[in-house]
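These are my notes from one sitting with a single model.

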Amino acid sequence: MTGRSVTVAELETPALLLDLDIMTANLASTAARLRGRGIALRPHAKTHKSAEIARCQLDHGAVGLTVATIGEAEVFARHGFTDLFIAYPVFATGTKAARLAELARRVKLRIGVESAAGAQALARALAGVTGPAPAEVLIEIDSGQHRTGVPPAAAGEVAAAYRSLGLDVAGVFTHGGHGYASPGSGPGAAADEDAALWSAAQQLTGAGFDVREVSAGSTPTAAFAGSHITEERPGTYVFNDRQQVVLGSCRAEEVAVTVAATVVSTTVSGQAVIDAGSKALASDRPGWLTGHGCVPDLGDAVVVSLSEHHGLVDLAGRPAPAVGTIVTVIPNHICTVVNLFDRYTLVRSGQPAGTWPIEARGHLS
Ligand SMILES: Cc1ncc(COP(=O)(O)O)c(C=O)c1O
């Protein structure tokens, strides 16, 4: 990965730097690719958790937002977003049922479902609720990640059972998370998404359903969407990260968010210590990736270990930077990093351009 020049005068570190030029190019290229294929884009907002960025996505043609939690949906609803898909098998009882019903009164809402108990709770929560559009559910299909979702062959039977509870089944969705298994896994996982969803959709059609949505998505698979997909839900594509570079989903030049950190110690020979530890870089690390981030400004030196406020950079024989030097780190997984910060520090054409709040950080329930 190559370094990039960012002028960050007066920066308090660690800080989350968002390069607006790179982000805008990422938004435009993915939107254009999907538009060209006639596939709707419903980006996953869990990556950025920001109303400003969600507005940029809609400006680039997104049909609505995907979120992971009721809390994220509430934040985006409060900021005027009216078409939301909670792509998660929400178990809606108690106060969560009441919050979901309130959301359904205010916005066009879709919710993921994949278990009988979850469907029963959802049906109870949504009974009698009227909103701008009737709340719909999409049945989650397991396309190979083996995390959640029913097998494609079970989709028709499951959909009929959910319909008998009073739920409006609008279609099927999947997340081909096995596209993260190792570099180069994206195309195969995308083919699995397409095959599993097509098989499930046929089951639904056979059971008398009008399949209105066939929704797939992740960043490694989005570029390889199959012919049966009607909607894609990539999230990370807006920023990219070190994982995506190594997986082959993007180039290093397409990483829009980095963590700016100050070198605070070079006392122990062979290493530089930066003021970004696990509370700034998060700890996610797939088995095929070494370390917790890389530092383009130091020849792609790797952050080899973390404590809460310290990141140890292995200089691998490179000269030590001066204490006080600000460097930028490309983190492994940007979604968990964003959730640790209050705001983005914006950069445009290499110059500071203000800040944006991260309104939906936290909001985990
Ligand atoms: C259900 C679902 N949809 C979409 C996404 C977005 O995938 P990515 O972060 O690879 O862009 C995720 C990510 O975890 C997800 O769980």
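**Cavities and pocket**

The model is a predicted one.

I took the second largest cavity and looked up its volume, which is about 40 Å³. I then listed its lining. Glu-140, Ile-141, Asp-142, Ser-143 and Gln-145 are among the residues there, and Arg-147, Thr-148, Thr-174 and His-175 also belong to the lining. I sorted the lining of the second largest cavity by class and got one nonpolar, five polar and three charged residues.

Next I turned to the open spaces. The largest pocket holds about 810 Å³. I found 35 residues in its lining. Which of them lie nearest the centre of the pocket? They are His-44, Lys-46, Ala-68, Arg-147 and His-175. I noted that Arg-147 and His-175 are also listed in the lining of the second largest cavity.

I checked which elements contribute to the lining of the largest pocket. Strand E4 (83-89) and helix H11 (334-338) each supply at least two residues. E4 gives the most, with three residues. By class, I recorded 10 nonpolar, 17 polar and eight charged residues in the lining of the largest pocket.

**Helix pairs**

For packed helices I looked up the angle between the axes and the distance between them, the two values by which such a pair is described.

I began with helix H3 (residues 70-78) and helix H4 (residues 94-106). Their axes come within 11 Å and cross at roughly 30 degrees. The cut-off for roughly parallel is an angle under 35 degrees, so H3 and H4 are roughly parallel to each other. I noted the crossing of H3 and H4 as left-handed. On the H3 side, the contact is made by Ile-70, Gly-71, Ala-73, Glu-74, Ala-77 and Arg-78. On the H4 side, I listed Lys-96, Arg-99, Leu-100, Leu-103 and Arg-106. The classes in the contact of H3 with H4 are five nonpolar, one polar and five charged.

I then took helix H6 (residues 155-164) and helix H7 (residues 186-206). They pack at an angle of about 50 degrees, and their axes are 7 Å apart. That angle makes H6 oblique to H7. I recorded a right-handed crossing for H6 and H7. H6 makes the contact through Ala-155, Gly-156 and Ala-159, and H7 through Ala-200, Gln-203 and Leu-204. I classed the residues of the contact of H6 with H7 as four nonpolar, two polar and no charged.

**Backbone**

I went through the backbone last, looking for exceptions, because most residues other than glycine have a negative phi and most peptide bonds are trans.

Is the peptide bond from Thr-13 to Pro-14 cis or trans? I found it cis, with omega near 0 degrees. Pro-14 sits in the segment before strand E1 (15-19).

I also looked up phi of Ala-282. Its value is near 60 degrees, which is positive in a residue other than glycine. Where is Ala-282 placed? I located Ala-282 in the loop between helix H10 (278-281) and strand E12 (293-295).

Terms used:
Residues are numbered from 1 along each chain as its sequence is written. This is a predicted model: local features need pLDDT of at least 70, side-chain atom pairs count only at pLDDT 80 or more; totals for chains, interfaces and linings use all residues. Side-chain values use heavy atoms; hydrogens and water are left out. On a 1 Å grid over the protein atoms alone, a cavity is a set of points where a 1.4 Å probe fits but cannot get out, and a pocket is an open set with protein on both sides within 12 Å along at least five of seven lines; lining residues have an atom within 4 Å of a point. Grid points are joined across faces, edges and corners, and a volume is the space filled by probe spheres set on the points. Ala, Val, Leu, Ile, Met, Phe, Trp, Tyr, Cys and Pro count as nonpolar, Asp, Glu, Lys and Arg as charged, and the others, Gly among them, as polar. Axes are lines fitted to C-alpha atoms, for helices over the stretch in contact, and angles run from 0 to 180 degrees between N-to-C directions. Helices (H or I, at least four residues) and strands (E, at least two) are DSSP runs, numbered from the N terminus. Angles under 35 degrees count as roughly parallel, over 145 as roughly antiparallel, 65 to 115 as roughly perpendicular and the rest as oblique. A crossing is left-handed if the near helix is turned anticlockwise from the far one by less than a right angle, and right-handed if clockwise. Contact means heavy atoms within 4.5 Å.
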